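Please read them with the structure open.

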Amino acid sequence: MVDNDLPELNGLELVQRVRKISHRRRTPIIMLSASDCEREAWRAGVDEFLKKPEQISELPATIARLLKDAAKHV
């Protein structure tokens with residue numbers, strides 16, 4: 001889980017870097033953001049994007065779903 005607004009490195013850059021690491025390509029990534037960067041987040045490789053504050057209540061269910069999906073690939 002990563003917020004797009006991070007000091008020194010934004011969340012989009014972090015996701016892009018993580019996706020370049022071979023053993024992290026399948027790591028589930030959720031991005032949270034109040035800014036309008038959803039399209040860029042999907043392109044960077046997130047598994048889910050949640051808009052703050054409107055969708056923050058969806059976080060627990062989203063985490064559970066992504067972990068369940070990840071367990072199927074183990």
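What covers the buried residues of H1? The points below start there.

1. The basis. This is a predicted model, in which local features need pLDDT of at least 70 and side-chain atom pairs count only at pLDDT 80 or more, while totals for chains, interfaces and linings use all residues. Residues are numbered from 1 along each chain as its sequence is written, and side-chain values use heavy atoms, with hydrogens and water left out.

2. Helix H1. The buried residues of H1 are covered by elements that include S1, strand S2 (30–33) and H2. Contact here means heavy atoms within 4.5 Å. Helices (H or I, at least four residues) and strands (E, at least two) are DSSP runs, numbered from the N terminus. Gly11, Leu12, Val15 and Arg19 are buried in H1, which spans residues 11–19; buried means under 20% relative accessible area, with exposed over 50% and partly exposed in between (1.4 Å probe, protein chains only). Seen down the axis of H1, these buried residues fall within an arc of 105 degrees, so they line one face of the helix. The arc is that of the directions from the helix axis to the C-beta atoms.

3. The start of H1. A side-chain oxygen of Asn10 comes to within 2.9 Å of the backbone nitrogen of Leu12.

4. Asp3. This residue belongs to strand S1 (residues 2–3) and counts as buried because its relative accessibility is 19%. The Asp3 side chain forms a polar contact of 2.4 Å with the side chain of Lys52, and it also reaches the backbone nitrogen of Asp5 at 2.8 Å. A polar contact is a pair of N or O atoms within 3.5 Å; within protein, one must be able to donate a hydrogen and the other to accept it, and residues adjacent in sequence count only if both atoms are side-chain atoms. Leaving aside residues up to four places away in sequence, Asp3 touches Gly11, Leu32, Ser33 and Lys52.

5. Ala41. Helix H2 (residues 38–44) holds Ala41, which counts as buried because its relative accessibility is 0%. With residues up to four places away in sequence not counted, Ala41 touches Leu12, Met31, Val46 and Phe49. Ala41 and Gly11 are 30 residues apart in sequence, yet their C-alpha atoms are 8.4 Å apart in space.
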